[in-house]
Amino acid sequence: MIQPATAPRLTVPINEHDHVLGPITASVTMVEYGDYECPHCGQAHHMVKQLRQLMGHRMCLVFRHFPLTTVHPHAQQAAEAAEAAGVQGKFWEMHDVLFEHQYALDPSDLLQYAAALGLDVPRFSSELARHIHAPRVREHFMSGVRSGVNGTPTFFINGMRHDGSYDLDTLVDAIEAAMGAVTGHR
Amino acid sequence: MDRSHYTSFAPSAPLAAGAQAPDFTLHSTPDQRVSLREFRGQPVILAFYPADWSPVCGDQMTLYNELLPEFRHFNAALIGVSVDGAWCHLAFARDRKFRFPLLADFEPKGAVARTYGVYRHSDGVSERALFVTDADGIIRWSYVSPIGVNPGADGILTALEGLSKQEVSR
């Protein structure tokens, strides 16, 4: 029997291990699966920032890693660097730096960013060398695979995969529709 | 290869779970050939796709390449098949750093896709179709995606999980 594709829904709900910006109680939650070396994600990063400004506290943003390591050889290490910054309380700061420097993600660059953010660099460096955060990055990746993430960036709005374009207007429309669905009107 | 053999046995619909996966031998490189029967004893993921270098196919195969460790966990082999020639496959695989074979269903064109019921006569390419076979070469799951839609890997992983559960309960 030919079976239909599984409905593209987020299979791993937002949890305490996630990186969250904005109130978790917001009426709309957007989960992004991304890759720091992916140029499309770099473009989307600017759009997501605009979107956050527009939506303010009405939207909660979650970022999960989806590094495609064979086409983006720096993506895995960059994702681990974001996690290493995260354990020192600077995930989103590193996240921004990485997306703003997509073409400078060599190990020496990462150490420089860690220093600029005021992180404990020896600790950061040691965690990267030992790949302490690799399992977490793989967890993110596999949660994406099981949710129908086939490339990056992929967005989920209130748990549903957003299949349209991800320019600002389209996403704002999709988010407002999701808000309407939550509050019962548009 | 005898062309009439393939046309006369071509099913009108994609082969479904329960069918024996038809054997085939195709070029994986200009001087190497691969037969499906060589994989007997392990699950096989057969991924038919329309064309090397097309954006959706590239993304789909890149995703599967990334998942080779998970497929290996199930002792499963991944094989890509399209109507492109072996030299084209070689260039595509090198460019994308693929670590699994891409087979050339090139002459007679699409013959293997026809035996699996997934040839698009109007376009001269195969469907974007997935088949998961068990260790005995029986198809246990198949899925044909809309041609422009990347089917991802969730269905494959679910099928492989199903196979390994049955193995355990045997």
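Predicted model: local features only at pLDDT ≥ 70, side-chain atom pairs only at ≥ 80, totals over all residues.
Figure 1. Within strand 5 of chain A, A:Met160 is the bridge partner of A:Ile157. Helix 6 (residues 134–146) of chain A packs on the sheet, where it touches strand 2 (28–34), strand 3 (59–65) and strand 4 of chain A, and its direction makes about 110° with that of strand 3 of chain A. The sheet is open and has five strands in the order 1-3-2-4-5 (chain A), with mixed pairing. Strand 1 (19–21) and strand 5 (160–161) of chain A stand at the edges with a single partner strand each, so one side of each of them has no neighbour in the sheet.

Figure 2. A:Thr152 and A:Pro153 are joined by a cis peptide bond, for which omega is about -5°. A:Pro153 is found in the loop that runs between helix 6 and strand 4 of chain A.

**Figure 3. Helix 4 of chain A and its buried face.** Helix 4 (residues 107–116) of chain A has A:Leu110, A:Tyr113 and A:Ala114 as its buried residues. Viewed down the axis of helix 4 of chain A, these buried residues fall within an arc of 100°, and they therefore line one face of the helix. An α-helix has 3.6 residues a turn, so residues three or four places apart point the same way. Among the elements that cover the buried residues of helix 4 of chain A are helix 2 (75–86), helix 3 (91–100) and helix 5 (121–129) of chain A, whereas A:Ser108 and A:Ala116, on the other side of helix 4 of chain A, are exposed. A:Gly118, which follows helix 4 of chain A, has a positive phi near 75°.

**Figure 4. The contact between chain A and chain B.** Chain A gives 14 residues to the contact and chain B gives 23 residues. Sorted by class, the side of chain A that touches chain B has six nonpolar residues, seven polar residues and one charged residue.

Figure 5. The buried residues of helix 4 (residues 86–96) of chain B are B:His89, B:Phe92 and B:Ala93. These residues lie on the same side of helix 4 of chain B, because they cover an arc of only 95° around the axis. They pack against strand 5 (102–104) of chain B, while the face of helix 4 of chain B turned away from the buried side carries B:Arg94 and B:Asp95, which are exposed. Just after helix 4 of chain B comes B:Lys97, with a positive phi of about 60°, although B:Lys97 is not a glycine. B:Lys97 lies in the loop between helix 4 and strand 5 of chain B, and B:Lys97 counts as exposed because it has 12 C-beta neighbours inside 10 Å.

**Figure 6. B:Asp52 and B:Trp53 in a loop of chain B.** The loop between strand 3 (44–48) and helix 2 (55–66) of chain B holds B:Asp52, and B:Trp53 is found in the loop between these two elements as well. B:Asp52 is buried, because 23 other C-beta atoms lie within 10 Å, whereas B:Trp53 counts as exposed, with 12 C-beta neighbours inside 10 Å. Leaving aside residues up to four places away in sequence, B:Asp52 touches B:Cys57, B:Ser82, B:Asp84, B:Cys88, B:His89 and B:Phe92; of these, B:His89 and B:Phe92 are also among the buried residues of helix 4 of chain B. B:Asp52 and B:Asn75 are 23 residues apart in sequence, and their C-alpha atoms are 26 Å apart in space. The phi of B:Trp53 is near 75°, which is a positive value in a residue other than glycine.

Figure 7. The peptide bond that runs from B:Glu107 to B:Pro108 is cis, and its omega is near -5°. B:Pro108 has its place in the loop between strand 5 and helix 5 (111–115) of chain B.

Technical notes: Residues numbered from 1 in each chain as written. Chains lettered and ligands numbered in written order. Pairing = 2+ DSSP bridges. Helix = DSSP H or I, 4+ residues; strand = E, 2+ residues; numbered from the N terminus. Contact = placed C-beta atoms within 7 Å. Axes fitted to C-alpha atoms, helices over the stretch in contact; angles between N-to-C directions. Nonpolar A, V, L, I, M, F, W, Y, C, P; charged D, E, K, R; others polar. Buried ≥ 20, exposed ≤ 12 C-beta atoms within 10 Å, placed from the backbone. Arc of directions from axis to C-beta.
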